[in-house]
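Subject: Structure handover

Hi,

Here is the structure I promised to pass on. Could you have a look at it when you get a moment?

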Amino acid sequence: MKIAIIANGEISNHAVTRQKLADADYLIACDGGLRHFPLLGIMPHCLIGDFDSAPRALREKYTAQGIPLVRFPAEKDETDLALAVAHALTLSPTYIYIVAALGGRFDHALANVHVLAQAGEIPAEIWDETTSIQLIRKQRILPCENYRTLTLLPLTSEVTGIITKGLRYPLNNETLHAGEVRGVSNEFSAEEAEISIKSGMLLAIRCM
């Protein structure tokens with residue numbers, strides 16, 4: 001089951017985003033992300049958050065239609081997105097899309113990227129109209145599609161045994177350390193890139 005979480009970040013093109021969400025089986029409105037649903041023309045299956053940023057009238061409209069609401073206190077250790085991902089994992093997903101997690105406050109956007117690690121072995125992706133962010137633990141095949149560059153950055157202190165295929169500047173059993181930027185703005189040389197690692201966690205960021 002593919003699960004999509006719509007957060008409270010920016011969506012600049014709701015039509016394109018609606019197409020991206022077309023194959024999602026379950027839609028989670030993450031607090032203020034609820035505001036995007038009328039513009040997307042879709043219905044959430046669940047509302048999650050402390051609801052400090054979700055429009056009250058809209059929240060009441062959806063709950064009146066029987067949409068379940070999972071509410072948390074405003075004073076908590078986890079972010080609303082982390083709680084939404086935790087809920088998604090209880091549903092045995094095969095893939096998790098996170099939409100509207102970028103833009104706005106930089107600390108929120110950076111924290112949202114770190115939430116990808118919470119998904120464990122379940123493939124998860126932060127997506128907007130120009131960017132796709134995924135976390136590699138072992139290996140991943142990434143299609144070029146319309147993306148112009150692929151950046152590889154370590155999320156852990158180091159990532160070892162990196163092997164890439166299908167990129168203009170290949171890595172062959174190499175190590176990237178936190179603070180290094182050697183993996184920024186690589187380019188596709190094939191229709192898809194294959195990336196494998198031995199240890200650590202590696203962010204793969206495709207940009208148009």
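The model is predicted, so local features need pLDDT of at least 70 and side-chain atom pairs count only at pLDDT 80 or more, while totals for chains, interfaces and linings use all residues. Residues are numbered from 1 along each chain as its sequence is written, and side-chain values use heavy atoms, leaving out hydrogens and water.

Nine strands form an open sheet in the order 4-3-2-1-5-6-7-13-9, with mixed pairing. Strands are DSSP runs of E with at least two residues, helices are runs of H or I with at least four, and both are numbered from the N terminus; two strands pair if DSSP finds at least two bridges between them. Strand 4 (69-71) and strand 9 (149-154) are at the edges with a single partner strand each, so one side of each has no neighbour in the sheet. On average, neighbouring strands are turned by 20° against each other, direction ignored.

Strand 6 (residues 124-127) pairs with strand 7 (residues 131-136) in the antiparallel sense, over three bridges. Ile-126 stands opposite Ile-133 in strand 7.

Now to Thr-151, which sits in strand 9. Thr-151 has a relative accessible area of 9% and is buried (under 20%; exposed is over 50%, partly exposed in between, with a 1.4 Å probe and protein chains only). Thr-151 touches Gly-183, Val-184, Ser-185, Leu-203, Ala-204 and Ile-205, not counting residues up to four places away in sequence (contact means heavy atoms within 4.5 Å).

Best wishes

Key: Axes fitted to C-alpha atoms, helices over the stretch in contact; angles between N-to-C directions.
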